[in-house]
Amino acid sequence: MAKSRVNAAPERRRELLDVAAEVFAAHGYNATTVRRIADEAGMLAGSLYYHFDSKESMLDEILSAFLNELWAGYDAVLAAGLGPRETVEALVTESFREIDRHRAAVAIYQKESPHLAGQPRFGYLDESRRRFEELWTGTLERGVAAGVFRADLDTGLAYRFLRDTVWVAASWYRPDGRYGPEEIARQFLSMVLDGIAVSTGTVGTDTAGTGTGTPSPRPR
């Protein structure tokens, strides 16, 4: 069986993993059987074992491939040596691109990683979570220190807000939707950064100095 899996066509494996990811995302890992995945793939359950030894192996490949690609993108952002605000913008954009490429995998990660992380095979999920937090909070703290983000910004809270509001998009994003990942990222950032970036001008009238004055009316 192992030899057959090694010799299986990579393209077919990828197709089967895509099918499995959609089924896991829709029904949950525990509720999904190998037979259900095989049915969705239009094959017999026994034939699926030609490619994978278990549904756990499929889940492992789906999640590890997603995270490896995500971290490659994040590492490229960090290597660019951008400022704090630009780093946040680039990280958010890369995150939405990953949702576009791996929507089902992101949904699985969101739903399944809390209980999977305790299993030895999926220990990398907890390590990835720690890296996420260190990267995002570190960038936000660098922005606060540089005067780019507000001095009173709770970076831990901001991290959780950014994390949850970005990744929840996997539940509603569709590749054939009205906006692509870059435009969604742009609009998301325009809303978020107006709230955490240091204001460089006067926004309406704000005697308390909070930058939350009345906005100008929309031009007619």
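Q: Which helix is Thr139 found in?
A: Helix H8. Keep in mind that this is a predicted model.

Q: Is Thr139 buried or exposed, and why?
A: Thr139 counts as buried because its relative accessibility is 3%, and the cut-off for buried is under 20%.

Q: What is Thr139 in contact with, leaving aside neighbours within four places in sequence?
A: Pro84, Thr87, Val88, Leu91 and Phe149.

Q: How many residues does H8 have, and what does it reach from first C-alpha to last?
A: H8 covers residues 123-145, which is 23 residues. It reaches 33 Å, close to the 33 Å expected at 1.5 Å a residue.

Q: What about Gly147, after H8: is its phi positive or negative?
A: Positive, near 80°.

Q: Switching to the largest nonpolar core. How many residues, and which have the most contacts inside it?
A: The core has 60 residues. Phe24, Leu48, Tyr74, Val92, Phe96 and Ile99 have the most contacts inside it.

Q: Which helix gives the largest share of this core?
A: Helix H5, residues 55-79, with ten residues.

Q: And which domains does the core draw on?
A: Domain 1 (9-52) and domain 2 (56-213), with at least three residues from each.

Q: Back to Tyr74. What is it in contact with, neighbours within four places aside?
A: Leu91, Glu94, Ser95, Phe132, Leu135, Trp136 and Trp167.

How values were computed: Residues are numbered from 1 along each chain as its sequence is written. This is a predicted model: local features need pLDDT of at least 70, side-chain atom pairs count only at pLDDT 80 or more; totals for chains, interfaces and linings use all residues. Side-chain values use heavy atoms; hydrogens and water are left out. Helices (H or I, at least four residues) and strands (E, at least two) are DSSP runs, numbered from the N terminus. The expected span of a helix is 1.5 Å times one less than its number of residues. Buried means under 20% relative accessible area, exposed over 50%, partly exposed in between (1.4 Å probe, protein chains only). Contact means heavy atoms within 4.5 Å. A nonpolar core is a set of buried Ala, Val, Leu, Ile, Met, Phe, Trp, Tyr and Cys residues joined through side-chain atoms within 4.5 Å. Domain bounds come from an automatic or database domain assignment.
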